[in-house]
Each structure stands twice: as structure tokens, then as C-alpha cells.
Amino acid sequence: TLTPESLEYRTEVKQLLDILAHSLYTDREIFLRELISNASDALHRVQFEMLTNANVVDPDRELAIWIRPDPQAKTLTITDSGIGMNRDELVENLGTIAHSGARAFLQNANADKQALAEIIGQFGVGFYSVFMVAQEVTVTSRSYRPEDRAWRWRSRGDSSFTLEPADQEERGTTIEIRLKEDATEFAQTWRLEQIIKKHSDYVSFPIYLIQPGSDGDEAKAEVINSRTALWRQSPSTVEEEAYHDFYKQLTYDTEPPLLKVHLVADAPASLRAILFVPSRRDRAVLAMRPDLGLRLYSRKILIQERNRDLLPDYFRFVEGVVDSDDLPLNVSREMVQSNPILRQLRRALSSRLIRELKAMAENEPEKYLTFWQEFGIFLKEGVATDPTSHENLLDLLRFRSTKSGDGWISFQEYVDRMQAEQKAIYYVLGDNLQAAARSPHLDYFRAHDIEVLYLVDPIDGFMTTMLREYKGHPLQNVDDAGLELPKGKDAEAEESGLDQEAFNRLMDRFKTVLGERIRDVRESRQLVQSPCRLVSPEDSLDRDLQRIRRLTEE
Ligand code: ADP
Ligand code: MG
């Protein structure tokens with residue numbers, strides 16, 4: 001026989017393997033979750049392929065995962081009847097692909113290695129976690145394409161792997177692990193059962209655990225996972241705990257979600273969905289994964305792993321699953337996008353989410369502020385980019401103001417406590433709260449007890465250019481030169497100390513000294529504590545945008 005061909009890993013993969021193999025000793029059990037998750041992905045893919053392609057190897061083979069421990073031989077074997085890999089795919093996926101995920105993992109590797117292992121799947125390099133427990137790994141795979149043959153990949157997790165043709169007629173992938181001396185617990189059935197229940201209970205294909213000594217008799221194997229499609233159950237029958245477990249298995253997030261929404265509807269379209277708002281924005285998931293979106297099923301068959309059309313873009317931090325019996329099964333993913341049912345699902349999902357957030361704002365204001373501080377920026381982005389969102393989003397916005405102290409207020413609260421003669425909602429833009437609070441433009445407003453909103457996020461300038469009013473009250477920047485202010489109680493009371501002639505001379509002096517740098521100098525009757533205020537000319541409509549430009553050029 002030919003000697004197997006030997007190939008080198010990419011540099012970043014070598015470094016990653018070095019860390020996995022030599023410095024991670026706890027939480028090693030997650031390797032099994034990663035391998036089962038890959039098997040489940042491969043099964044979903046072949047299931048989807050078979051919807052439209054009759055020419056698939058082994059079309060009748062059961063879609064499942066088989067786990068075979070052998071404590072005597074200290075091996076563990078994981079088999080799936082999924083989509084499989086041909087030679088090129090093995091090389092690409094398990095060794096030479098340029099991995100931004102591997103690089104990101106390495107960049108974080110000096111941080112907390114154990115915490116990192118826990119979330120390795122998020123970096124798209126979950127397969128390599130097997131080297132935390134393996135001395136040697138052999139992957140034998142036969143692709144679903146009739147023209148492909150089986151190949152065997154083998155590695156000891158050092159700097160290279162080998163490839164050779166293999167004899168395997170059946171479609172799918174088998175991963176054989178020769179366990180490290182200190183990892184033989186992973187050949188114990190009770191231990192495997194425990195891990196599968198903990199991390200992979202919601203995998204939708206059966207996971208069989210084959211008892212050692214049963215001669216690999218698959219008939220004697222037992223299904224370990226409960227395979228519940230939680231979203232297809234009635235919300236009243238599901239325990240809170242189950243939602244959390246499901247969320248954890250879906251997202252790898254270690255914290256429970258901030259909000260859970262379970263939707264069941266039959267009209268206008270059939271819809272079963274569970275949506276989650278995570279508790280934090282900067283979870284590695286969001287930072288690492290460019291591919292956000294919801295899992296989309298049709299009749300429990302996964303038709304898209306990450307669909308971004310089911311919710312408006314500004315809800316892209318939402319995680320979850322959506323299932324509809326009304327989506328046609330035999331369509332391409334591209335056609336799903338333009339399907340009218342999808343638009344109905346989107347409307348139902350986003351209006352329910354808005355409703356839940358409003359309810360949270362009303363009934364659990366503390367919790368809502370946590371939400372706002374993590375995800376408010378996305379809602380502001382929604383206001384800035386999508387005028388049709390205003391109706392839904394404006395009441396969800398929260399602000400600091402000259403009167404809010406450490407609290408936050410809504411537009412409605414602002415309007416409710418406006419001065420009697422006040423029409424507009426006033427705001428000041430600034431780089432931060434301190435700078436905004438020092439603005440001389442605020443003199444007049446403080447003197448007359450008029451509240452002003454502090455807008456200090458970079459996105460706020462975009463938002464105000466799109467947002468002209470709230471319930472008939474125009475939004476006005478306090479630096480607006482032509483600001484028409486409500487008459488204050490004693491607005492005109494104080495006379496300027498200078499006579500007109502002396503005052504004109506002073507203004508001329510300003511103009512001469514400042515020259516080209518200004519357009520004009522005018523008298524202001526709005527100042528109390530500050531000697532002057534800088535205003536923008538009336539014809540520069542997009543002052544807020546200019547400010548953004550200034551910020552981004554810096
Ligand atoms: P991810 O699953 O995030 O893509 P992994 O490192 O876990 O990253 O896996 C890398 C790739 O290897 C997968 O995307 C898939 O293409 C391939 N792969 C891994 N395991 C299997 C399997 N059991 N069957 C088919 N393909 C697999
Ligand atoms: Mg994976």
C-alpha cells in the first residue's frame with residue numbers, strides 16, 4: 001500500500017493545537033459537544049440536500065449519531081450519517097483553511113484559557129478541541145456525492161496530518177479518538193451519558209450510545225438525548241429551566257438570557273418560535289460571529305442556520321429559532337428570502353418583540369435599563385437608518401438629561417414635564433456627559449428650568465438627523481442660532497450694561513480679531529453664566545452630521 005500523504009497545518013492552527021493539547025485541563029468534556037455539534041450540522045446539511053437532490057449516496061440511511069466507547073482500548077468513536085467530506089474538504093476544513101477564528105482565539109489566549117475553551121465553538125475551530133483529550137484522531141469520511149470516494153485523515157495534534165484513501169461505502173463521517181492516558185473517563189458510558197445530556201440534549205437527531213461489549217450492535221444502542229423541539233411545545237408546559245438549557249445549548253452563552261419570548265401562532269402563517277435577548281452585548285458570540293441570525297426550520301427541518309431576514313437589522317443581537325409549516329421545503333435558500341410568508345413571519349416576530357420590550361420597560365424598569373445600556377445603541381441605529389421603525393422604537397429610547405441625574409428618561413416623560421409654553425424637545429450634543437453639561441448653550445435653559453436631553457453617543461447625531469419630532473414636538477439642538485425659545489419669565493429683564501454704540505464697537509472688535517474663522521457676531525440674550533456661545537449658521541442644516549464627520553475624522 002502507498003504511504004499516506006503528509007500535510008502541514010497552517011501556522012495559526014499549529015499554535016492553537018499547542019495550547020489545546022498542552023495547557024487546557026479542565027472543562028475538557030466540551031470536546032464532545034463540539035464533535036456532536038459538527039455531526040448535527042452535517043446531518044442538517046444532508047437532510048436539506050435531499051429535499052432537492054435525489055442523487056445522494058445512501059438516501060435511506062437513518063439520520064443519526066452513534067457514540068461507541070471502548071474502555072479497554074481507551075478509544076471513543078463518533079459516527080454520523082451526515083453530509084461527509086471528500087479529500088479536498090477534509091484538507092480545507094481540518095487543517096489548511098485560513099482561520100480568522102483561530103487567530104482570534106490566539107489573540108485571546110493569554111486571557112482566561114479555561115473560559116476560552118468553554119466557548120471555542122464560537123471561534124469556528126471547535127473540531128480542534130478534540131486534541132484536549134486525544135493522543136491521536138482518525139477521521140474517515142465519505143461524501144454524499146456519488147462520484148466521491150472515502151478518505152482517511154489522521155493527526156496526533158502536532159504540526160501535521162496525513163491523508164489516504166479509505167474503504168467505506170456508507171455516507172458520513174467517523175471520528176476515532178485514541179484517548180490520552182489522563183482522559184480515559186471519556187470512554188465510560190455513564191460519563192458520556194452525563195455530558196450528552198448536559199450539552200447536547202436538544203440536538204434534533206438521535207444520539208445513540210453503544211454499550212461496550214455489545215459488538216457494536218446498533219440495535220442494542222440507546223438514544224440518550226431527548227430531542228425535544230422546545231419551540232413546538234405549548235409555552236405553558238415548558239419550565240423556565242428548560243428554556244435556559246436550550247438557550248445555553250443554542251448559543252454557548254454562560255449567562256441566562258435577559259429576555260425570552262415563546263411565540264405560537266397559526267394565522268396569518270403558522271409560526272413556532274423562541275427568541276432570546278442575551279444578557280450582554282459583548283459576548284464573544286457577537287464579537288466573533290459575523291454570521292448573526294436566527295435558525296430557520298420548516299417542519300423541524302433546518303433550512304437555514306443563520307437567517308437575517310426574519311427580524312429588522314437593528315434586532316440582530318436577538319438569538320433564537322423560528323419554525324413555520326407554511327414555508328415550502330423544496331426551495332433553495334435564496335428563494336426563502338423572497339417568500340411572502342417570510343415577510344409575515346418577520347412582522348409577527350418583530351411586533352411581538354417590541355411588545356415584550358415595552359412591557360418590560362413598564363413592569364420591570366430596572367431590568368429594562370439593563371437592556372437599554374447593553375442594546376440601546378442598536379435601537380438608536382434603527383431610528384437612524386429606518387424611518388419606518390420610529391413608530392415602534394421611539395418609546396423604547398432612554399436619555400440622560402439636565403434633570404435626570406443618574407436616571408434615564410423617555411420622550412414621553414420629557415413631554416409630560418415640559419414647561420407650559422414649551423413646544424420643542426431640546427437636546428445638546430456632546431462627546432460625553434461632562435462636556436455636554438458644560439455647554440454655554442444651556443445657560444438659558446437652566447435659568448428657565450427647561451429640560452435638555454444629553455446626546456453623547458456617536459450614533460446620536462445620526463439619529464437626530466433622521467428624527468425630526470416626537471408626537472408633534474419638534475426636536476431642536478440648543479446650538480441652533482435661530483432657536484425660537486419659549487418666553488422665559490424674565491427673559492428681557494436684564495439690560496445689557498453697554499450702550500448701543502459701545503456694544504457695536506465691541507462686536508466690530510470681535511469680527512476683526514476672529515476674521516475668517518467666523519461668519520458673524522451677534523448679540524445674545526440667552527446667556528447667564530457664560531460670556532458667549534458658538535452657534536451654527538441657519539443654512540447648515542446638517543450640523544449634527546458635521547459633528548459626526550468631525551468625530552470620525554479625528
Ligand atoms: P465550525 O463547526 O464552527 O465550522 P469546526 O472546527 O467545528 O468549526 O469544524 C470545521 C469544519 O469541518 C466544519 O465547518 C465542517 O465543514 C467540517 N466538519 C467537521 N466535522 C464534520 C462532520 N462530522 N461531517 C462533515 N463535516 C464536518
Ligand atoms: Mg463546529
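I began with a pair of facing residues and found that Y427 stands opposite N477 in β19. Strands here are DSSP runs of E of at least two residues and helices are runs of H or I of at least four, numbered from the N terminus.

Before going on I noted that this is a predicted model, in which local features need pLDDT of at least 70 and side-chain atom pairs count only at pLDDT 80 or more, while totals for chains, interfaces and linings use all residues. Residues are numbered from 1 along each chain as its sequence is written, and chains are lettered from A and ligands numbered from 1 in the order in which they are written.

I then looked at the partners of β16, taking two strands as paired if DSSP finds at least two bridges between them. β16 pairs with β19 (residues 473-477) in the parallel sense over 3 bridges, and with β17 (residues 452-455), also in the parallel sense, over 4 bridges. Y426 has V452 as its bridge partner in β17.

Next I traced the whole sheet, which is open and mixed, with 5 strands in the order β15-β17-β16-β19-β18. β15 (400-401) and β18 (469-470) stand at the edges with a single partner strand each, so one side of each has no neighbour in the sheet.

For β16 (residues 425-429), 5 of the 5 residues are buried, so the strand is largely enclosed by the rest of the structure. I425, Y427 and L429 cover one side, and Y426 and V428 the other.

How values were computed:
Buried ≥ 20, exposed ≤ 12 C-beta atoms within 10 Å, placed from the backbone.
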